[in-house]
Amino acid sequence: MLDRVERLCAGDLDAKALRERVLAAVRPVVPFDGHVWVLTDPVTCVGTAPLADVPGLSWPALPGLVRWRYLERGTRWTDLRAAGTPVRTFRGESAEILTVACWDRFGCWAWLDLWRATPFTRSEQNQMAALAPVLTAGLRRAQARTFAAPVERTPGGPAIVVLGPDLTVRVRTPAALEALERLNPPDEAIPAIPAAAYNLAAALIAAEQGIPVGPAWSRVHLGAGRWVTLRAARASGQADIVVSIEDSTPAERLEVFGLAHGLSPREREVLTELATGIDSRALAGRLVLSQHTVNDHVKAVLAKTGTATRGALLARVAGTG
């Protein structure tokens, strides 16, 4: 199983296809009845792009399940990261759950929950723990590849979702519906599920209760090189939660770009300065480095991102080519 997953993660699949193929490779070795695999913002750790199949779960019960997962202290992906362990098992309301947290020194990229009726053996837990760093690197590289294409922006009005206290959808603008359908495409039997909005709302509730996963905002690739940022906040004087979806700012794109490509803190600092249009000489003075050292950092950034020139690098960061 490990060899097969390593080959999948070394390929050029997008994050959705990679998760689907990995699940197919894992199931014969570590059987499971259901799964929830959520991509997260590398900095806030809040999820936005779930891939899920939980047998017996009614769609009206989904908001409650998402909220429960963000409030279940000790078993959340951020708790595993804090404890320095990639895998943990626990008993849910109706199933045994094995959680795999996908994190590295560049951020938190995803978490995977496997569900089944019987407990997971120690051997199965060890096998999933061995997969964790491979999955993390594969998903991070998949996110890096999203910056290869120029951004195709779709004109539209404000993208807003308003959720009630029980996270039922009260208002959803056409632009929000389009974005959410891209994140979780509907099929013939199931309408578009605003799972990304549920995750943001659950993150807000967890923060309000003093047990945050991270701040209630998250960036996600929407397709065609376009990254968007979702944010959740309480409606003024009301119990409703408002989730907004906007194109990620240049700074927000740049941060994900640097982390996804595995740039060191100094290399990300150099990239941030390059994005202002500064030349190497001025950059050396600003960072109190020699020009030779700055050029070495620039060469390292170009190599790690697979980019030939500074112009091409900055075009990829900005989404212009």
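Let's call a residue buried when its relative accessible area is under 20%, exposed when it is over 50%, and partly exposed in between, using a 1.4 Å probe and protein chains only. What we're looking at is a predicted model, where local features need pLDDT of at least 70, side-chain atom pairs count only at pLDDT 80 or more, and totals for chains, interfaces and linings use all residues. Residues are numbered from 1 along each chain as its sequence is written, and side-chain values use heavy atoms, with hydrogens and water left out.

Start with the cysteines. Cys9 is buried, at a relative accessible area of 2%. Does that sulfur sit close to a partner, or far from one? The closest cysteine sulfur belongs to Cys102 and is 8.9 Å away, which is too far for a bond, given that a disulfide is a pair of cysteine sulfur atoms within 2.5 Å. Cys102 is in no disulfide either, as its nearest cysteine sulfur, in Cys108, lies 7.8 Å off. Cys102 is buried too, with a relative accessible area of 0%. Search the whole structure and you get zero disulfides.

Helices here are DSSP runs of H or I with at least four residues, strands are runs of E with at least two, and both are numbered from the N terminus. Leu18 is buried at 2% relative accessible area. Setting aside neighbours within four places in sequence, Leu18 is in contact with Leu8, Cys9, Leu13, Gly138 and Leu139, where contact means heavy atoms within 4.5 Å.

Next, helix H3 (residues 62–71), where Leu62, Pro63, Leu65, Val66, Arg69 and Tyr70 are buried. Looking down the axis of H3, these buried residues fall within an arc of 165°, so they line one face of the helix; the arc is taken over the directions from the helix axis to the C-beta atoms. What covers them? The cover includes strand S2 (47–53), helix H4 (77–83), strand S3 (87–91), strand S4 (96–104), strand S5 (107–116) and helix H7 (195–208). Helix H4 also holds Thr78, which counts as buried at 14% relative accessibility. Apart from neighbours within four places in sequence, Thr78 is in contact with Cys45 and Val213.

In soluble globular proteins, nonpolar side chains tend to be buried together. A nonpolar core here is a set of buried Ala, Val, Leu, Ile, Met, Phe, Trp, Tyr and Cys residues joined through side-chain atoms within 4.5 Å. The largest such core has 80 residues, and Tyr70, Leu114, Met128 and Val243 touch the most other members. H7 gives this core its largest share, eleven residues. A second, separate core has 19 residues, among them Val256, Val270, Ile278 and Val301. Back at Val243, the residues touched, not counting those up to four places away in sequence, include Ala159, Ile160, Leu200 and Leu230.

On a 1 Å grid over the protein atoms alone, a cavity is a set of points where a 1.4 Å probe fits but cannot get out, a pocket is an open set with protein on both sides within 12 Å along at least five of seven lines, and lining residues have an atom within 4 Å of a point. Points are joined across faces, edges and corners, and a volume is the space filled by probe spheres set on them. How many cavities of 30 Å³ or more are there? The count comes to one. The largest cavity has a volume of about 40 Å³, and its lining includes Leu39, Thr40, Trp109, Arg219 and His221. Strand S8 (217–223) supplies the largest share of that lining, three residues.

The second largest pocket has a volume of about 350 Å³. Of its 18 lining residues, Leu57, Leu65, Glu93, Ser94 and Trp115 lie nearest its centre. H3 makes the largest contribution to this lining, with three residues.

Finally, a look at the backbone. Most residues other than glycine have a negative phi. Leu167 has a positive phi, near 70°, and lies in the loop between strand S6 (159–163) and strand S7 (169–172). Ala224 also has a positive phi, of about 55°, in the loop between S8 and strand S9 (226–234). Leu167 is buried at 1% relative accessibility, whereas Ala224 is partly exposed at 33%.
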